[in-house]
Amino acid sequence: MGEKPKSGGVWPTVKPFVNGGSSGMLATCVIQPIDMIKVRIQLGQGSAAEVTKNMLKNEGFGAFYKGLSAGLLRQATYTTARLGSFSILTKKAVEANEGKPLPLYQKALCGLTAGAIGATVGSPADLALIRMQADATLPAAQRRNYTNAFHALSRIAADEGILALWKGAGPTVVRAMALNMGMLASYDQSVEFFRDNLGMGEAATVVGASSVSGFFASACSLPFDYVKTQIQKMQPDAEGKLPYSGSFDCAMKTLKAGGPFKFYTGFPVYCVRIAPHVMMTWIFLNQIKKVEEKIGL
């Protein structure tokens with residue numbers, strides 16, 4: 001019998017997108033409770049311990065997974081687009097570099113670009129996720145009572161217009177660019193350091209590099225995440241006036257009211273969320289690739 005032909009057609013092109021989205025969705029299923037706690041902290045409901053205790057007491061365990069459908073939809077759009085784009089961009093860059101390893105600045109540029117693409121595609125799902133997670137914190141009369149991500153998207157489009165789905169897209173894109181630059185660049189450098197300089201094994205290298213990557217991704221992106229969250233959850237007052245006119249106005253008012261450290265509200269929880277998500281995304285992605293190799297995809 002002849003050798004099994006390699007898969008052709010569109011699969012080689014769409015594979016990095018499918019793999020990226022799948023790994024991100026699997027990681028989100030594990031991280032969703034921590035993400036919910038992070039949002040509640042940013043909304044001023046107390047420390048991580050206080051938020052956890054109050055949610056269990058008043059809303060039950062299921063509250064930690066409220067908005068999961070939106071979180072999965074976000075990964076199916078945002079992470080599919082960013083990891084798929086990053087794979088294609090780096091592949092093209094390596095080809096242009098005659099097969100030589102990419103310097104750090106080129107990896108950072110690829111990460112910035114991929115982050116912008118992913119955030120633009122995933123912004124509507126991100127808005128739905130924030131709205132669903134914040135809904136329980138509002139007075140009963142102001143709650144939107146979305147049943148799932150698609151209900152949220154349809155309601156937002158119907159009540160506020162199609163373009164409202166990209167409310168807060170500006171800070172979302174900037175945050176994604178900062179996060180992906182910090183995550184991807186520091187991850188690659190950390191892998192080389194742990195593997196080549198310290199001689200660590202594969203598992204230890206992934207854990208160590210992912211932790212470093214998660215820290216820098218958190219430090220670079222949290223200020224933008226804070227502004228994005230404030231913009232996306234804001235509602236008009238009794239006179240119909242919004243608290244912020246835009247992202248810059250929100251940043252300036254926040255800086256004036258609470259100083260620069262206000263942007264790092266919830267940083268420990270945010271960092272704890274980002275690092276495991278980065279780690280599990282890479283692990284799931286590697287496992288998916290191994291399965292595809294075994295079945296010949």
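This is a predicted model: local features need pLDDT of at least 70, side-chain atom pairs count only at pLDDT 80 or more; totals for chains, interfaces and linings use all residues.
Visitor: Before looking at details, what is the mean pLDDT of the protein chain?

Guide: Welcome! The mean pLDDT of the chain is 84, and 97% of its residues reach 70 or more. Residues 1–5 need some care: the pLDDT there is below 50, and beyond near neighbours in sequence this stretch has two contacts in the model.

Visitor: Let us turn to charges. How many salt bridges does a search of the whole structure find?

Guide: The general idea comes first. Side chains of opposite charge can pair when their charged atoms come close. In this structure, the search finds seven salt bridges. One of them joins E59 and R40, with the closest N and O atoms 3.0 Å apart. This pair links distant parts of the chain: E59 is in the loop between α2 (48–58) and α3, R40 is in helix α1, and 19 residues separate them.

Visitor: Is R40 buried or exposed?

Guide: R40 is buried, as its relative accessible area is 1%.

Visitor: Which residue forms a salt bridge with D225?

Guide: That partner is R175, and the closest N and O atoms of the two are 2.8 Å apart. D225 lies in helix α7 and R175 in helix α6 (residues 169–197), so the bridge ties together parts that are 50 residues apart in sequence. D225 is buried, with a relative accessible area of 2%, and R175 is buried too, at 5%.

Visitor: And where do D196 and R195 come in?

Guide: D196 and R195 form a salt bridge as well, with their closest N and O atoms 3.1 Å apart. D196 is exposed, with a relative accessible area of 51%, while R195 counts as partly exposed at 44%.

Visitor: Now to the rings. How many aromatic pairs does the count come to?

Guide: The count comes to seven aromatic pairs. To read a pair, look at the distance between ring centres and then at the angle between the planes; over 60 degrees counts as edge-to-face. The rings of F215 and F267 have centres 6.0 Å apart and planes at 85°, so this pair is edge-to-face. F215 sits in helix α7 (residues 202–233) and F267 in helix α9 (residues 267–295), so the pair links distant parts of the chain, 52 residues apart. F215 is partly exposed, with a relative accessible area of 40%.

Visitor: What is the geometry of the rings of Y226 and F263?

Guide: Their centres are 6.2 Å apart and their planes are at 80°, so this pair is edge-to-face. Y226 lies in helix α7 and F263 in the loop between α8 (247–258) and α9, so the pair ties together parts that are 37 residues apart in sequence. Y226 counts as buried at 6% relative accessibility, and F263 is buried at 11%.

Visitor: Which residues form one aromatic cluster?

Guide: The cluster is formed by F215, F216, Y264 and F267.

Visitor: While we are on helix α7, is A217 buried or exposed?

Guide: A217, which has its place in helix α7, counts as buried at 0% relative accessibility. Leaving aside neighbours within four places in sequence, A217 is in contact with L179, G182, M183 and I274. For a sense of scale, A217 and T229 are 12 residues apart in sequence and 17 Å apart in space, C-alpha to C-alpha.

Definitions and conventions
Residues are numbered from 1 along each chain as its sequence is written. Side-chain values use heavy atoms; hydrogens and water are left out. Rings of Phe, Tyr and Trp (its six-membered ring) pair if their centres lie within 6.5 Å; planes under 30 degrees apart count as stacked, over 60 as edge-to-face and the rest as tilted. Helices (H or I, at least four residues) and strands (E, at least two) are DSSP runs, numbered from the N terminus. Buried means under 20% relative accessible area, exposed over 50%, partly exposed in between (1.4 Å probe, protein chains only). pLDDT is the predictor's confidence in each residue, from 0 to 100. Contact means heavy atoms within 4.5 Å. A salt bridge is a side-chain nitrogen of Lys or Arg within 4 Å of a carboxyl oxygen of Asp or Glu.
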